[in-house]
Amino acid sequence: MVLLQDRADISGIIVVANSVVGNNTHRPLDPAEFRGFVLVDEYAPLVFINTADGKAAQMFTLAHELAHIWLGGSAVFDLREMQPAHDTTEIICNQVAAEFLIPATRFREIWDNARHSGSPFQYLARHFKVSEIVAARRALDLGLIDRQEFFDLYSTYREHEYQIREQAESEGDFYAIQTMRLGKRFAATVVQAVYEGRLLLRSAIEPPFCNQDRISLPRHRQRRSARVAPRLYRQQRNLG
């Protein structure tokens, strides 16, 4: 998913990913409520990915939301259990995401080899550089497996994904996570503006909806800001 995020970023689309409200780990975002959303704008289109969801679903969500930008319509994405929607636009976006990740023609060409490999969805996941569940969902859509087989795999895979995600977040680097939460393009723009003198440092580290004229940072936060900004700046230069 990182490669697709980077490509979207290069094309001018802000991609933001988070699993909690702001930095508050006590307020997790529930994937059952939404997996992501897109705000279509001519100047700064934005995609939000709920990283409380499994990696497989995140990849599908990103491709789905990019299809919304292509079609020119904002939306919230809540594809339950990776099942088809009834809205025409949502159906089109789902089809675009599926075909983008796993082209149907190529999938059918290698299906027999995958089926006889012993681990068909691992085989397909390696071939298409996607997760096993995305490969299984595509097989279901193409009528190559039945719904029960898919849901058995989905339940097992989802639990495994959540365990991996929780461990990764507990061991993650704060600054790398912040870049994901802000979006690489937005973070790089803000940091560059600070170093060019176009934006105050204290304004850069506060939520953009605050009235900066009324903010007076305590000394310990000023010292922390002075340490954080150079590190973020170096990180953004490396990302670029």
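1. Asp 141 is partly exposed, at a relative accessible area of 40%. Here buried means under 20% relative accessible area, exposed over 50%, and partly exposed in between, with a 1.4 Å probe and protein chains only. The partner of Asp 141 is Arg 137: the two form a salt bridge whose closest N and O atoms are 2.3 Å apart. A salt bridge is a side-chain nitrogen of Lys or Arg within 4 Å of a carboxyl oxygen of Asp or Glu. Arg 137 counts as buried, at 7% relative accessibility. Both residues sit in helix α6 (residues 132-141), 4 residues apart, so about one helical turn separates them.

2. On provenance: this is a predicted model, in which local features need pLDDT of at least 70 and side-chain atom pairs count only at pLDDT 80 or more, while totals for chains, interfaces and linings use all residues. Residues are numbered from 1 along each chain as its sequence is written, and side-chain values use heavy atoms, with hydrogens and water left out.

3. The whole structure holds 5 salt bridges. Helix α4 (residues 104-115) contains Glu 109 and Arg 106, which lie 3 residues apart, about one helical turn. Glu 109 and Arg 106 form a salt bridge, with closest N and O atoms 3.0 Å apart. Glu 109 is exposed at 52% relative accessibility. Arg 106 is partly exposed at 35%.

4. Helix α4 also holds Arg 115 and Asp 112, 3 residues apart and separated by about one helical turn. Their salt bridge has its closest N and O atoms 3.0 Å apart. Arg 115 is partly exposed, with a relative accessible area of 46%. Asp 112 is partly exposed too, at 42%.

5. Helix α5 (residues 120-128) has these buried residues: Phe 121, Leu 124, Ala 125 and Phe 128. They cover an arc of only 100° around the axis, so they lie on the same side of α5. The arc is that of the directions from the helix axis to the C-beta atoms. Just after α5, Lys 129 takes a positive phi of about 60°.

6. Overall, the chain has 11 helices and 6 strands. These are DSSP runs numbered from the N terminus: helices are H or I, at least four residues, and strands are E, at least two. Of the 240 residues in the chain, 42% are buried.

7. Among contacts between residues at least 6 apart in sequence, 61% join residues at least 24 apart. Contact means heavy atoms within 4.5 Å. The chain exposes about 14,200 Å², and carbon and sulfur atoms supply 53% of it. Accessible areas come from the Shrake-Rupley method with a 1.4 Å probe; for residues, only the protein chains shown count as cover.
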